[in-house]
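Trainee: I am new to this structure and would like to go through it slowly with you. Could we look at it together, one topic at a time?

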Amino acid sequence: MISWHCFPAEIRLAVLEVLLQDGCSLADFATVSREWQTIIERHNFSRIKLTSSHVADFGSMVHRNRSLVRYIWLCLELQEYNCTECEPQDPESWGLSNAENALITTAIQDLFSALSVWEPDSSLLLDISVYSPSDSEHWFKYLTFEPDVASDMCGRDQHAKQSMLVKATDHHHGWIAGSRNSIPTSAAIDKVFEEIMGGGPFDDEEQEGQWWQQLPLVPAVTGVLLRQQTRRRWKPAALAHPWREWLDVQQQWTDQSLRLLFESLSSDRLRRLVLFENFDQTYPASYMNLGCDPVRIPSSSVSRAVANASLTLEHLSASFIVEASHFFDARELSWKWPNLTWLALTSRLLVPQERPTELDDMLRAAAAAAMKMPNLETMEIWNGEKGLAMLFRYQRAERGQPAVITWRGTWELTLRPLVIQAWDSVALRHRGQGHVIVKELLDAGACVKSHGDAIRHLKLSRPVIRPVSLRQIQMEHIIREGVQS
């Protein structure tokens with residue numbers, strides 16, 4: 001029999017590559033050879049799923065291979081619940097339990113303690129998710145819970161998972177043959193959007209703030225993900241995970257906390273910030289009796305705080321939580337963005353035949369800000385919801401070529417002379433030779449059924465949301481509406 005080591009190295013590695021892509025357990029194969037052990041350990045330890053039961057031992061588990069870890073998914077599973085609890089009416093049962101809040105704080109404390117002794121080495125992404133397995137068993141059968149993956153991996157093995165959901169019939173929760181025929185009640189929505197640490201384990205906000213402050217520093221962590229699949233709400237004062245409140249008074253308090261949060265982010269150490277306030281256009285109907293507005297209007301104070309925080313950034317994307325016109329109106333004459341290369345913002349002024357004068361003013365204000373961004377490569381202002389999508393993009397000229405101004409959307413966007421003149425000045429400031437305007441009217445067959453579809457059709461230059469989150473938004477809409485694709 002031919003010895004394994006007699007095979008050429010490229011064949012040995014080709015066999016290993018097949019095993020890596022197969023998704024099977026690789027631990028036993030690490031004993032085949034030192035060569036395989038090195039590669040398999042690099043693969044196995046690069047991405048770690050960490051549950052609350054293993055956090056305390058995490059440091060010792062990866063001690064020898066900590067330099068291989070590039071992604072940690074802290075997956076915090078809450079208690080399961082039945083139909084008597086999926087839309088609670090008793091205020092005493094609202095919110096996370098003391099045990100659930102304690103589970104979250106203990107896991108974060110233990111993980112930060114373990115990571116505090118890690119030396120910075122390349123990149124380390126921390127992804128924190130909170131959910132209950134019961135969330136997808138009642139009103140919200142389209143919810144999925146999965147790790148963050150690269151865009152080229154999105155969709156793998158997902159069709160089978162989703163096909164199990166779309167056949168659901170559950171009259172009590174408004175589902176018939178995989179199609180939702182009634183919207184969730186406000187109590188059901190509140191259940192999955194419960195506030196983390198809203199009723200404990202701390203006695204008051206001051207004590208909770210002191211707890212966050214005493215957490216050890218973790219300089220090895222270079223990025224934090226708080227993805228849309230976590231419906232439970234982090235308080236803005238604690239973490240950058242914004243959400244919508246259904247009552248105006250509550251929204252005012254939330255926006256005030258968000259403003260303070262973003263003001264605290266003005267730091268030379270923060271380089272890239274991506275904010276995405278997800279929304280469901282059907283939810284407000286469940287709160288109409290409480291005076292809920294059908295559309296969330298971004299706060300000008302939050303937009304101003306984000307604008308100020310952006311002065312030291314290299315990349316900023318703020319979708320739906322910021323209004324572009326407020327962002328640019330906040331600019332002070334002394335402001336400069338010396339490091340910014342990419343800026344992406346949303347604006348509700350980008351709608352057909354709505355307020356052309358205000359839109360012109362916003363685009364001119366954007367050009368005035370771009371004049372203070374010496375390294376700007378791309379600015380994108382966009383909007384998307386059911387039935388509409390529009391993108392305005394400025395791309396810096398390359399090697400003496402003209403700058404490119406693009407509009408792409410579901411209707412024709414008219415750029416008036418003063419707007420064109422303003423952006424021509426930007427192109428000259430960036431040493432370009434004038435500009436060209438590219439007009440792309442989306443095909444009549446382009447179906448925009450959600451803001452997720454809009455993002456896909458607009459083809460923004462960089463992701464404004466994690467690829468797996470974008471796919472979840474699109475799949476949630478497909479399943480809610482009972483549409484197969």
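Trainee: Is cysteine 447 buried, partly exposed or exposed?

Mentor: Please keep in mind that this is a predicted model. Buried requires a relative accessible area under 20% and exposed requires one over 50%. Because the relative accessible area of cysteine 447 is 40%, this residue is partly exposed.

Trainee: Is cysteine 86 buried or exposed, and how far away is the nearest cysteine sulfur?

Mentor: Cysteine 86 has a relative accessibility of 2%, and therefore it counts as buried. A search of the whole structure finds zero disulfides. Cysteine 86 accordingly is in no disulfide, and the nearest cysteine sulfur, which belongs to cysteine 83, is away by 5.0 Å.

Trainee: Which strands are the edge strands of the open sheet?

Mentor: The open sheet is formed by seven strands with mixed pairing, in the order E7-E8-E9-E10-E11-E12-E13. An edge strand pairs on one side only, and this holds for strand E7 (272-276) and strand E13 (435-441).

Trainee: Across which strands does helix H12 lie, and at about what angle does it run to E11?

Mentor: Helix H11 lies across strand E10 (378-385) and strand E11 (388-395), and runs at about 150 degrees to E10. Helix H12, made of residues 417-429, lies across E10, E11, E12 and E13, and its angle to E11 is about 40 degrees.

Trainee: In which loop is phenylalanine 320 found, and what is its phi near?

Mentor: Most residues other than glycine have a negative phi. Phenylalanine 320, which is buried at a relative accessible area of 3%, sits in the loop between strand E8 (315-319) and helix H10 (324-329). Its phi is positive, near 70 degrees.

Trainee: Is lysine 459 buried or exposed?

Mentor: Lysine 459 lies in the loop between helix H13 (451-458) and helix H14 (467-481), and its phi is positive at about 55 degrees although it is not a glycine. Because its relative accessibility is 59%, lysine 459 counts as exposed.

Conventions:
Residues are numbered from 1 along each chain as its sequence is written. This is a predicted model: local features need pLDDT of at least 70, side-chain atom pairs count only at pLDDT 80 or more; totals for chains, interfaces and linings use all residues. Side-chain values use heavy atoms; hydrogens and water are left out. A disulfide is a pair of cysteine sulfur atoms within 2.5 Å. Buried means under 20% relative accessible area, exposed over 50%, partly exposed in between (1.4 Å probe, protein chains only). Two strands pair if DSSP finds at least two bridges between them. Helices (H or I, at least four residues) and strands (E, at least two) are DSSP runs, numbered from the N terminus. Contact means heavy atoms within 4.5 Å. Axes are lines fitted to C-alpha atoms, for helices over the stretch in contact, and angles run from 0 to 180 degrees between N-to-C directions.
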